[in-house]
Structures are given as structure tokens and as C-alpha cells.
Amino acid sequence: MGLLSVSIWLPIAFGILLLALGRDDNPQMARVVALVGAILSFAVTIPLVTGFDVATAAWQFEENMPWIERFAVRYHLGVDGISVWFVLLTAFITIIVVAAGWEVITERVHQYMGAFLILSGLMVGVFSAADGLLFYVFFEATLIPMYIIIGVWGGPRRVYAAFKFFLYTLAGSLLMLVALVYLYFKSGGSFDIATWHRLPLPMNAQTLLFFAFFAAFSVKVPMWPVHTWLPDAHVEAPTGGSVVLAAIMLKLGAYGFLRFSMPIAPDASREYAWFIIALSLIAVVYIGLVALVQQDMKKLVAYSSIAHMGFVTLGFFIFSELGVSGGLVQMISHGFVSGAMFLAIGVLYDRVHSREISSYGGVVNTMPKFAAFALFFTMANCGLPGTGGFVGEWMVILGAVKTNFWIAAIAATALIFGAAYSLWMYKRVYFGEIANDHVRKLTDINGREFAIMSVLAIATLWMGVYPKPFTDVMHTSVEALLKHTAASKLK
């Protein structure tokens, strides 16, 4: 077993251990075991970045062995500059989620922590899979623990939200399975993703494959108009579920566009780029306006995530290095910022048991430390220069200007809408006089919450001030991807 296998199966093993120990008589033990498992899993992923060779676009830390030999399915793992940061991000966010639920989750603690650790391993598997069927197995398996997390520990409408989440994302993936089977036969009986990248496919086949993959990945991102499951899932999910959903699970769909749609169907991707760009701009503008009228803080940040992910897909399909790299940077920074935004809402909800903006006012008077962190993350959500939220959006806009000025101009309105809904929410929740007795009785964040917020703030600031380590790692792989998509497969 190499580093990637350990990164996948170590958290899953800890998760299964917690499920096996699943008793409510010793919840503290479950928290400690989960934290140890999360920290060890993160430690294993660090050498993937520190030992990464930025000069090559080939698979690194590769593992390749038979799995289902009769159908040439292989247990084939590898990472490149596009995927390696997301393996690290997944393991990092898992530590945050375990720490965030330390005192909040009091029932079925073993199962709660175990579900998140298993989910972490499965998501690392998605980013590491170099075999098409292995990717599909990991991609679909992530639905199960998240479905349980929403359905068991969620809000009053948790069952509805969990079903909607599961059915939307599963239905979208069925066409992808058909596409994978077609590619298997077309390649002479291989599920190797790199082999699929080299297939000389005619335009009609590329078009069908492009839209089959689009059906799966657009729901996962989610793109307008198949985004309606996300606000419901976020509102009903526990805080940890919302953090993982926004920070990692939305990225699985965007990653799929780079790993499957663009390299396997490059001509169709360029032919229908206008379609993706149009949907992305609708997400940026329309969903930004929808966020502006929300009264539920969680729903507002959920719609904000859809708008920010619109920037990601826009960056990918303008086919420029700035755009694709900007989209990837935006995905990573959004993992930090959106996770922190949902954690901040969770801090207030745990104390007041309301997500409505109208339930608050003057929080800065009783929670000054927390209000300072919340302001920083709100500014990052707006795209303030010097924070991670700015770098990716700026790169995408700059790349779009070189492609089409009007596309860039429309995309740039996201900065205005983002400032409008984020700062207006902050003003109503935190500023002004103390609104009611609930706010008056609030106590500031404790040491555990302060540490979590500090780590996320440092990560967000680091990305904003010095993004070079991130862009250096992805540069060669992005360059190779764009060179590949520029070379037509049509004969």
C-alpha cells in the first residue's frame, strides 16, 4: 500500500472502528478516536504535496494492481497537479469537522464521527482514482455517509432534504455510468482514464459523452438550474455536514469536468463551452440576487456557494491557463471560506437555536472575538484582496477579459452582489444595539472554537497573500490539459 491507499483506507478503518464501538455510554472516547484518526489521515497526505514533482504532468504516487481482472478493472490510483491539493484539503477539513462537533453532538457520537471519517476516505478516493470504474464507485459511495449525516443529525425536514440530495445526485450519475461503459468498449476493454484521454472519438460521440458527463457533474457542482437540492441540504444538515458539503463535495463535480469532460471530449467541450459559460454567468448573477433576499443565514451562504462555483466552471471553459488555474484556486479557497462561514453560523445556532437573521442584532457587543473572525470570513466571501476569496476570482476575471470582455464584465458583478448580501447579513446580525435577551446572554467563543477559526483564518490569509505554492503545483498539469484540449481528435 502506498501513500494514496493509506490516505483512503486509514480514515475508513477508523470510521469502521467507531461504528463497531458504537455505544453512547462513552462518547468522549469516540471523539478522541475520531480526532486521532483525522490527524493521522492528514499527516499521511502531507508528503503528497511536499514530495510532489511540479515539473511533470504525469500521475505521481501511482499504485496500479488488478482488481476485477475479468473486466480489466484495476485498482489504479494516482494524483497530478490538478488533484493533489484536494486530497490534502479533504483530510484537513475532516479534522475541522471532528473538532467542530466535539461538544455539539451528544447523541450517536460514534456513528456521527465514523460517518465523517468514512466519507473523508471515499472523497480522497474520488480525487485519487485513475481507473474509470474505481472513480465511479468512490463518486457514488460518497452519497451514502452524507445521506445518513443529513437524515439522522439534520433539522426538522432532514428526511426530505436527504432524499432530495440523494435522488438528484444519483439520477445525474446514471448517464455517466453509460458513458463509462461506452468508453470501456471503445477502448478495447479498458477502464484506464489516461487511455480514454487518447481515444480518437468522432464529434457525435464526443457530444453524447460531453452531455452524459455534464448530467453527473453539473448536479454535483451544482449548476443552475439543477441547484435546488443544495439549499435544502445545507439548511437541514448539521454544521459539520454543511462544512463538508460546501468545502469538498461540491468540488467533486467541478473536478469531474477537468478529469473527464474536457480531456475525453475536447472538441465537444470547446463547441459547447458557450453553454457552460452561459449557465455559469446565470449562477453568478441570478443566484447572487437570490442570496440577497434570504432571511436564513445558512440558505444565504448556500446560495453564495452556488454563485462562487459558477466562477469555477466559467474559469474552466474559457480554456485559458489563468482561467483554469483560477478556477482551481477558487475551489481550494472556497473550501476554507465557505467552511468557516458555515461554522460561524453553527456557533450562533448552537447558542440561540435559530438561523434567522431577524433573531440577531448587536452580537459584536457580547461576542467581540467571534465577531472579528466572522467579519474576516465575510470579507473573504466578498473577495477582499489579501484573502483567498480574491485570488481565484481575480484570475478567472483576468482570463475572461482575454477571451471576451463582456463575459468578464458580467462575471465581475459577482463581487458587487457578494459584497451586498454578505455585508448586509453581517450588519444585521452583528452590528447595532443588542436586539433581544438571547443575544444579551451570549458568551464569546471558547478555546476550541477560537483555535478552529484561527486555523481557517490563517489558511485563508495564506492563500490570499502568497498563492504561489498552490499555482506552482497545478501549473504543469493545467498546461498539459489545455495543450491536450487544443489538439483536435477529429480526423
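## Model and confidence

The pLDDT is the predictor's confidence in each residue, from 0 to 100. The chain averages a pLDDT of 87, and 99% of the residues score at least 70. Among its helices, as DSSP runs (H or I, at least four residues) numbered from the N terminus, confidence is lowest in α20 (residues 437-440), at a mean of 82, and highest in α3, at 92.

This is a predicted model, in which local features need pLDDT of at least 70, side-chain atom pairs count only at pLDDT 80 or more, and totals for chains, interfaces and linings use all residues. Residues are numbered from 1 along each chain as its sequence is written, and side-chain values use heavy atoms, with hydrogens and water left out.

## The largest pocket

A pocket is found on a 1 Å grid over the protein atoms alone, as an open set of points where a 1.4 Å probe fits, with protein on both sides within 12 Å along at least five of seven lines; its lining residues have an atom within 4 Å of a point. The largest pocket has a volume of about 680 Å³, a volume being the space filled by probe spheres set on the points, which are joined across faces, edges and corners.

Its lining consists of 32 residues, and Val 104, Ile 105, Pro 238, Thr 239 and Asp 350 lie nearest the centre. Two or more lining residues come from each of α3 (84-100), α6 (143-153), α10 (229-236), α11 (239-264), α15 (321-352) and α21 (447-465). The largest share, 6 residues, belongs to α15. By class, the lining has 16 nonpolar, 8 polar and 8 charged residues; Ala, Val, Leu, Ile, Met, Phe, Trp, Tyr, Cys and Pro count as nonpolar, Asp, Glu, Lys and Arg as charged, and the others, Gly among them, as polar.

## The second largest pocket

The second largest pocket holds about 340 Å³ of space. It is lined by 15 residues, with Ala 57, Asp 80, His 197, Arg 259 and Ala 480 closest to its centre.

At least two lining residues are supplied by each of α8 (193-197), α11 and α22 (468-486), and α22 gives the most, with 4 residues. This lining divides into 9 nonpolar, 3 polar and 3 charged residues.

## Helices α5 and α6

The axes of α5 (residues 132-141) and α6 come within 5 Å and cross at roughly 0°. Therefore α5 is roughly parallel to α6 (angles under 35 degrees count as such). Axes are lines fitted to C-alpha atoms, for helices over the stretch in contact, and angles run from 0 to 180 degrees between N-to-C directions.

In this contact (heavy atoms within 4.5 Å), Phe 139, Glu 140 and Ala 141 of α5 meet Leu 143, Ile 144 and Pro 145 of α6. The contact has 5 nonpolar, no polar and 1 charged residues.

Terms used. Parallel < 35°, antiparallel > 145°, perpendicular 65-115°, else oblique.
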